[in-house]
Amino acid sequence: ATPSKRSYTITLLPGDGIGPEVISVAKDVLLLSGSIEGIKYEFHEKLLGGAALDATGVPLPDETLSVAKESDAVLLGAIGGYKWDKNEKHLKPETGLLQLREGLKVFANLRPATVFPQLVDASTLKREVAEGVDLMVIRELTGGIYFGKPRGFGTNENGEETGYNTEIYAAHEIDRIARFAFEVARKRGGKLCSVDKANVLEASMFWRKRVLALAQEYPDIELSHMYVDNAAMQLIRNPKQFDTVVTNNIFGDILSDEASMITGSIGMLPSASLGDSGPGLFEPIHGSAPDIAGQDKANPFATVLSAAMLLRYGLGEEKAADRIEKAVLDTLNRGFRTADIYSPGTKLVGCKQLGEEILKSVESHI
Ligand code: ATP
Ligand code: MG
């Protein structure tokens with residue numbers, strides 16, 4: 001599809017720790033790839049997390065949320081740090097991020113796990129198992145046991161203390177995440193695996209029924225179902241069997257972390273959180289890495305790849321997204337590495353210099 005709009009407003013939320021360093025690189029990459037592909041950006045840089053707490057007393061200022069809501073996409077660095085770890089819950093940087101996700105009404109969390117051929121030895125798995133892994137976990141983000149009611153602490157019939165939560169999904173909640181996943185699978189390898197626990201849980205039986213019904217509209221997608229315990233095992237045993245995976249909130253929380261560890265390089269992994277309409281939120285999966293903040297050691301690839309997801313899934317600018325992803329591969333091929341992905345025989349550089357090298361690759365690659 002040809003994008004109708006070639007000028008976009010992007011909210012940048014550098015946040016804390018290494019956030020500003022990696023966002024600065026991603027911004028330059030967006031600008032250069034945009035100028036080559038004929039895309040214009042207006043950037044609005046706003047406060048979130050610890051940076052916002054220090055400046056305004058709250059982790060998500062009203063102004064940040066309203067600007068973010070009115071933009072075409074939001075690109076976030078990372079939030080948090082030792083300095084705010086002992087704060088009360090409503091004054092924690094992490095609370096600001098949760099409020100932002102809620103405010104943007106994003107319900108689908110996309111986390112690719114890609115083993116880059118140049119970094120295959122970073123994987124926790126054997127080379128022959130890890131080589132060629134390129135999968136995407138899609139996690140439902142606003143329903144399920146994390147939000148289901150009733151929830152709380154109580155007492156059972158024997159007078160013993162209890163704690164309880166409710167796994168509940170309404171038809172429309174399953175339909176929208178499943179439809180989303182079928183569409184993503186269509187853009188990727190054409191295979192979708194729906195993960196549930198339909199042999200035990202009614203909520204999962206219902207999930208499977210709705211996914212199966214929706215599959216009628218996607219005859220071109222090869223759909224399979226897997227129980228979550230088996231999926232957890234298969235991800236380690238043979239991750240290459242997966243292309244796109246869709247699952248509920250809690251299973252997705254666990255499986256997406258497991259999948260990211262297959263790649264072994266936290267500094268390489270992007271994510272996207274998307275809703276029905278309104279801007280998506282794009283961020284690296286790593287945290288603010290306070291141990292290396294301000295030392296020009298951060299790996300900016302995860303944020304640059306998040307910018308590529310912003311273009312592909314947020315703006316529908318596929319060509320510019322392709323260009324950035326190819327530039328990442330090209331920079332790796334030319335041997336440039338930050339310390340977290342360094343191996344003997346490659347060239348160790350800082351965040352800034354790696355950014356410069358990525359820009360060269362953006363320019364030279366079609
Ligand atoms: P969170 O803030 O989400 O709880 P965390 O505290 O568990 O995350 P990170 O902040 O991601 O973890 O850092 C974990 C380790 O990985 C740290 O040693 C950090 O320096 C390193 N790390 C994380 N991101 C990067 C990056 N982009 N480049 C280099 N090293 C990184
Ligand atoms: Mg942390």
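## Crossing of H1 and H10

In this predicted model, helices H1 and H10 cross in a right-handed sense. The axis of H1, which spans residues 19-37, comes within 8 Å of the axis of H10, and the two cross at roughly 45°. Because of that angle, H1 counts as oblique to H10.

On the H1 side the contact is formed by Val22, Ile23, Val25, Ala26, Val29 and Leu30, which meet Thr303, Val304, Ala307 and Leu311 of H10. Sorted by class, the residues of this contact comprise 9 nonpolar and 1 polar, with no charged residues.

## Crossing of H6 and H7

Helix H6 (residues 171-187) and helix H7 (residues 202-215) have axes that come within 9 Å and cross at roughly 50°. H6 is therefore oblique to H7, and the crossing of these two helices is right-handed.

The residues that H6 brings to the contact are Ala171, Ile174, Asp175, Ile177, Ala178, Arg179 and Phe182, and those that they meet in H7 are Phe206, Trp207, Arg210, Val211, Leu214 and Ala215. By class, the contact between H6 and H7 has 10 nonpolar and 3 charged residues, and no polar ones.

## Packing of H8 and H9

The axes of helix H8, residues 228-237, and of H9 come within 10 Å and cross at roughly 10°. An angle under 35 degrees counts as roughly parallel, so H8 is described as roughly parallel to H9.

H8 takes part in this contact through Val228, Ala231, Ala232, Leu235 and Ile236, while H9 takes part through Phe251, Leu255, Glu258, Ala259 and Ile262. The class count for the contact of H8 with H9 is 9 nonpolar, no polar and 1 charged.

## The largest pocket

By class, the lining of the largest pocket divides into 12 nonpolar, 9 polar and 10 charged residues.

Helices and strands both contribute to this lining: at least two residues each are supplied by strand E3 (73-78), helix H4 (93-103), strand E4 (108-114), helix H9 (249-263), strand E11 (270-274) and strand E12 (280-284). H4 gives the most to the lining of the largest pocket, namely 6 residues.

## The second largest pocket

A volume of about 540 Å³ is computed for the second largest pocket. Among the 20 residues that line the second largest pocket, Thr114, Asp134, Arg188, Arg312 and Glu325 are the closest to its centre. Two or more residues of this lining come from each of E4, strand E5 (134-140), helix H10 (301-315) and helix H11 (318-333).

H10 provides the largest share of the lining of the second largest pocket, with 4 residues. The residues of this lining fall into 12 nonpolar, 2 polar and 6 charged.

## Backbone features in two loops

Two details of the backbone are placed in loops. The peptide bond that joins Lys149 and Pro150 is cis, with an omega of about 5°, and Pro150 lies in the loop between E5 and strand E6 (152-155).

Lys105, although it is not a glycine, has a positive phi of about 55°.

Definitions and conventions
Residues numbered from 1 in each chain as written. Chains lettered and ligands numbered in written order. Predicted model: local features only at pLDDT ≥ 70, side-chain atom pairs only at ≥ 80, totals over all residues. Heavy atoms only, no water. Nonpolar A, V, L, I, M, F, W, Y, C, P; charged D, E, K, R; others polar. 1 Å grid on protein atoms, 1.4 Å probe; cavity = no way out; pocket = protein on both sides within 12 Å on 5 of 7 lines; lining within 4 Å. Points joined across faces, edges and corners; volume = space filled by probe spheres on them. Axes fitted to C-alpha atoms, helices over the stretch in contact; angles between N-to-C directions. Parallel < 35°, antiparallel > 145°, perpendicular 65-115°, else oblique. Left-handed = near helix turned anticlockwise from the far one by under 90°. Contact = heavy atoms within 4.5 Å.
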